[in-house]
Amino acid sequence: SASCAWPIEIIAMASPRPPAVQHAWASADAAAWRHLGEMLFRADSYGPALESFVHALDQSPRDAGALDGIVRASTPVGRTASARELLGRLASSPDNDEAKLALSRLLAAEGAFDESARIPLGLLQANPGHLPALEQLASVVSDAGDAERLAPVVARLRIEAPSAAATRYYS
């Protein structure tokens, strides 16, 4: 709960920081930042969680857990615009498909289904067998309630990954 997170926030944000915190802060890698973000998120401390996920992405822009954390933590603190800007910047890298799909998830969560669907469609044009893009497209179209557009996506999922959980879920 939120009451469990505040002592951690006070210690982490203290100035000057205790030496142990300074050392942990300076030596933290992307995984450590992501894990801190997850811990804070689970304690309903969404703002500090979001900042931790940003630190993780500073070190590893393709960190799937941190990208997902940005999507999940930005909404409760009303920072989806800054999350969209960050994910858009990361997604502008031609080879960062993970960030592109995270941006698509954020856009879908905001109800921007058409804009969200364009992202996995673009990835599928470049690589028709891109399973994460196909699954994201199915999610977006399903969330939009568009059964007509969902049918060919599910048919494609059945060809590309007949035993995948997403195939069974959307079928």
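**Figure 1. Buried residues of helix α4 in the predicted model.** In α4, the buried residues are G47, P48, A49, L50, S52, F53, A56 and L57. The model shown here and in the other views is predicted. Helix α4 has 14 residues, and the distance from its first C-alpha to its last is 20 Å, close to the 20 Å expected at 1.5 Å a residue. Leaving aside residues up to four places away in sequence, F53 touches R34, G37, E38, G65, A66, G69, I70, R72 and A73.

**Figure 2. The largest nonpolar core.** This core has 26 residues, and those with the most contacts inside it are F53, L57, L67, I70, L87, L90 and L103. Two or more residues each come from α3 (30-42), α4 (46-59), α5 (64-74), α6 (80-91) and α7 (97-109). Another core lies apart from it and has 17 residues, including V140, V141, V154 and L157.

**Figure 3. D44 in the loop between α3 and α4.** The loop between these two helices holds D44. Most residues other than glycine have a negative phi. D44, which is not a glycine, has a positive phi, near 60°.

Figure 4. The 13 residues of α7 should span 18 Å at 1.5 Å a residue, and the end C-alpha atoms are 18 Å apart, which agrees. Buried in α7 are A99, K100, L101, A102, L103, S104, L106, L107 and A108. These buried residues pack against α5, α6, α8 and α9. Among them, L103 is also one of the residues with the most contacts inside the largest nonpolar core. Just after α7, G111 takes a positive phi of about 90°.

Figure 5. Helix α8 has 14 residues and reaches 21 Å from its first C-alpha to its last, close to the 20 Å expected at 1.5 Å a residue. Its buried residues are S116, A117, I119, P120, L123 and L124. They cover an arc of only 145° around the axis and therefore lie on the same side of α8. On the other side of α8, the exposed residues are D114, R118, Q125 and A126. The cover over the buried residues of α8 includes α7, α9 and α10.

**Figure 6. H130 in the loop between α8 and α9.** H130 is placed in the loop that runs between α8 (113-126) and α9 (131-143). With a relative accessible area of 11%, H130 is buried. A polar atom of the H130 side chain lies 3.1 Å from the backbone nitrogen of A133. Not counting residues up to four places away in sequence, H130 touches D97, L101, L123 and L124. Of these, L123 and L124 are among the buried residues of α8, and L101 is one of the buried residues of α7.

**Figure 7. R156 in helix α10.** R156 is part of α10, which covers residues 147-160. At 28% relative accessibility, this arginine counts as partly exposed. Beyond residues up to four places away in sequence, R156 touches L124, P128, G129 and L134. R156 and G129 are 27 residues apart in sequence, and their C-alpha atoms are 9.2 Å apart in space. L124 is in contact with R156 and also with H130.

Note on methods. Residues are numbered from 1 along each chain as its sequence is written. This is a predicted model: local features need pLDDT of at least 70, side-chain atom pairs count only at pLDDT 80 or more; totals for chains, interfaces and linings use all residues. Side-chain values use heavy atoms; hydrogens and water are left out. A nonpolar core is a set of buried Ala, Val, Leu, Ile, Met, Phe, Trp, Tyr and Cys residues joined through side-chain atoms within 4.5 Å. Buried means under 20% relative accessible area, exposed over 50%, partly exposed in between (1.4 Å probe, protein chains only). Helices (H or I, at least four residues) and strands (E, at least two) are DSSP runs, numbered from the N terminus. Contact means heavy atoms within 4.5 Å. A polar contact is a pair of N or O atoms within 3.5 Å; within protein, one must be able to donate a hydrogen and the other to accept it, and residues adjacent in sequence count only if both atoms are side-chain atoms. The expected span of a helix is 1.5 Å times one less than its number of residues. The arc is that of the directions from the helix axis to the C-beta atoms.
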